[in-house]
Amino acid sequence: MTGFPILSVMLAVPMAAAIVCLFVSADNARRLALAATLIDLALGIVLWSTYDIGGAQWQFVEYAPVFGSFNWALGIDGFALLLIMLSVFLMPICIGASWRAITTRVPEYMAAFLLTEVLMIGTFAAQDLFLFYIFFEAGLIPMYLIIGIWGGANRIYASYKFFLYTLLGSVLMFIAMLYMAIHAGTTSIPALMQYDFAGHVQTWLWLAFFASFAVKMPMWPVHTWLPDAHVQAPTAGSVILAGVLLKLGGYGFLRFLLPMFPGASGQLTWLIFTLSAIAVVYTSLVALVQNDMKKLIAYSSVAHMAIVTIGLYAFNRQGIEGAMLMMLSHGLVSGALFLCVGVIYDRLHTREISRYGGLSINMPRYALFFLFFTMASIGLPGTSGFVAEFLSLMGTYQVSTWTALLCTTGIILGAGYMLYLYRRVAFGEIKADDVRTMTDMDGRELWLLAPIAAVVLWMGIYPESFLSPMRKDVGVLLARLDPAAPPSDSRPTAGRLLPRAQAEAQ
């Protein structure tokens, strides 16, 4: 693959398909969107299979000056590889989930989803500061349209709230980027990851970036846009929002906050731990009292993403690897749960939990898949959720026993609200005639959920497949966080002033 611009091709294929979709019929738009996403999935598999594990940190690098200091610079490391694979894996599933559910303005809908894929891959692959910002912020536009045009009854309110929250959070980040480019004299992300900003400057830059990434995660208390967006979004919109778009915040922590501002990260670990612990407990309790299935899963997403942030700020190998696995696992499991909600919503056109019950009687295949993903969300051993939560909490325990203890209650509460949801939907007697006439999953719906179930099991049984591509990158990050430690070091450094920041402060 040397010399072949595979990343640019992965951006060009859905971009070209999105443009063509606007000029063809609804049926042809569906076929074209599915074909384009499958081509990108195939290219992603090539990317995965040819990635040199343990080789150079940055691979498949592409560079071309555009104008001034703006450059077309692409490249990936292990973190970006895994998140790109998550994106290209979920996109064909989203197109399949929309095959029958979307009947109005189908070409525009498919074009919006293809554009979303372009912007997600571009965000993960960008190696120029302002190219990253363009991809990162432009991702708001197609999702804003997907929610606002094809969403539920209150879609306008939800789409505006989603757009304003995420846009306003990024204004400070853009100002910080301008300062960094002028002060460091470069817009190269790999170069900035090795640049040493002064201690007091790091703190302000950290806060500016944090304002944007915390909204994207979303972290408590700036999470309130997420339940509204999920409830109003079409099924596929919820899948890609929970599956990939929330991971842009976590990727921002890995790519910017930790390596570029290690001193500030060490000083402000207490803030991350406090907000994350509150999020796990508070949003889990809120999820327990929800009557809308989508809203319940949305609140569970906030709790799960809080596990990501505490893992990252444990500053050790177990925590960072667990956080990355949690992002992948949550993307798969939450996406599958939203698909499960979509299956019965398409039949009964309601998400109210109280309207269902006894579905295991007349929808046994559906009940089996729903149970599997419920258990994966809880963290059942043998599923991806168990490995991710175990590593994250083990890493956190090494640096803060109380934080780990509080966040572990989220697992108990998670079992409470997910099993309570499943009991009310799948068990008991069928009380309503319209529920009794609901048919089980058809072949298309089985093909949407079966691949996700297979990958969730794969990650749970053999996590090394997903740990090995990022192992070297975790070592490089740990060395940056604590220059005195060898790359494989897993000693806790959170909660204290890191050596580099200590020297700068003096």
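These legends go with a set of close-up views of the structure above.

The model is predicted, so local features are described only at pLDDT of at least 70 and side-chain atom pairs only at pLDDT 80 or more, while totals for chains, interfaces and linings use all residues. Residue numbers start from 1 along each chain as its sequence is written, and side-chain values use heavy atoms, with hydrogens and water left out.

A pair of aromatic rings is described by the distance of the centres and the angle of the planes. Rings of Phe, Tyr and Trp (the six-membered ring for Trp) pair if their centres lie within 6.5 Å; planes under 30 degrees apart are called stacked, over 60 edge-to-face, and the rest tilted. The count by this rule is 30 aromatic pairs. In the W48 and F466 pair the centres are 5.9 Å apart and the planes sit at 75 degrees, so this one is edge-to-face. W48 belongs to helix 2 (residues 26–50) and F466 to helix 23 (residues 464–481), so the pair ties together parts that are 418 residues apart in sequence. Helices here are DSSP runs (H or I, at least four residues), numbered from the N terminus. For exposure, buried means under 20% relative accessible area, exposed means over 50%, and partly exposed is in between (1.4 Å probe, protein chains only). On that scale W48 is partly exposed at 25%, while F466 is buried at 6%.

**View B. F213 and F253 make a tilted pair.**
Here the ring centres are 6.4 Å apart, with 45 degrees between the planes. This pair also links distant parts of the chain: F213 is in helix 9 (residues 199–216) and F253 in helix 12 (residues 247–260), 40 residues apart. Both F213 and F253 are buried.

**View C. Two charged side chains sit over rings.**
A charge counts as over a ring if NZ of Lys or CZ of Arg is within 6 Å of the ring centre and within 35 degrees of the ring normal. K216 lies over the face of F136, 4.9 Å from the ring centre. R424 does likewise with Y420, at 3.7 Å from the ring centre.

M217 and P218 are joined by a cis peptide bond with omega near -5 degrees. The bond from W220 to P221 is cis as well, with omega about 10 degrees. P218 is in the loop between helix 9 and helix 10 (225–232), and P221 is in the loop between helix 9 and helix 10 too.

R105, a residue other than glycine, has phi near 50 degrees. Look for R105 in the loop between helix 3 (78–97) and helix 4; R105 is exposed, at 56% relative accessibility. F315, again not a glycine, has phi near 60 degrees. F315 sits in the loop between helix 15 (293–312) and helix 16 (317–348), and F315 is buried, with a relative accessible area of 2%.

A salt bridge is a side-chain nitrogen of Lys or Arg within 4 Å of a carboxyl oxygen of Asp or Glu. That rule gives twelve salt bridges. In the one between D27 and R30, the closest N and O atoms are 2.8 Å apart. D27 and R30 both lie in helix 2, three residues apart, or about one turn of the helix. D27 is partly exposed at 44% relative accessibility, whereas R30 is buried at 10%. R351 and D292 meet at 3.4 Å, N to O. This second pair links distant parts of the chain: R351 is in the loop between helix 16 and helix 17 (359–362), and D292 is in the loop between helix 14 (269–288) and helix 15, 59 residues apart. Both R351 and D292 are buried.

Salt bridges link R347, R444 and E445 in a network. R471 and E464 have a salt bridge of their own, 2.8 Å from N to O. R471 is partly exposed at 31% relative accessibility, and E464 is partly exposed at 29%.

Definitions and conventions:
Helix = DSSP H or I, 4+ residues; strand = E, 2+ residues; numbered from the N terminus.
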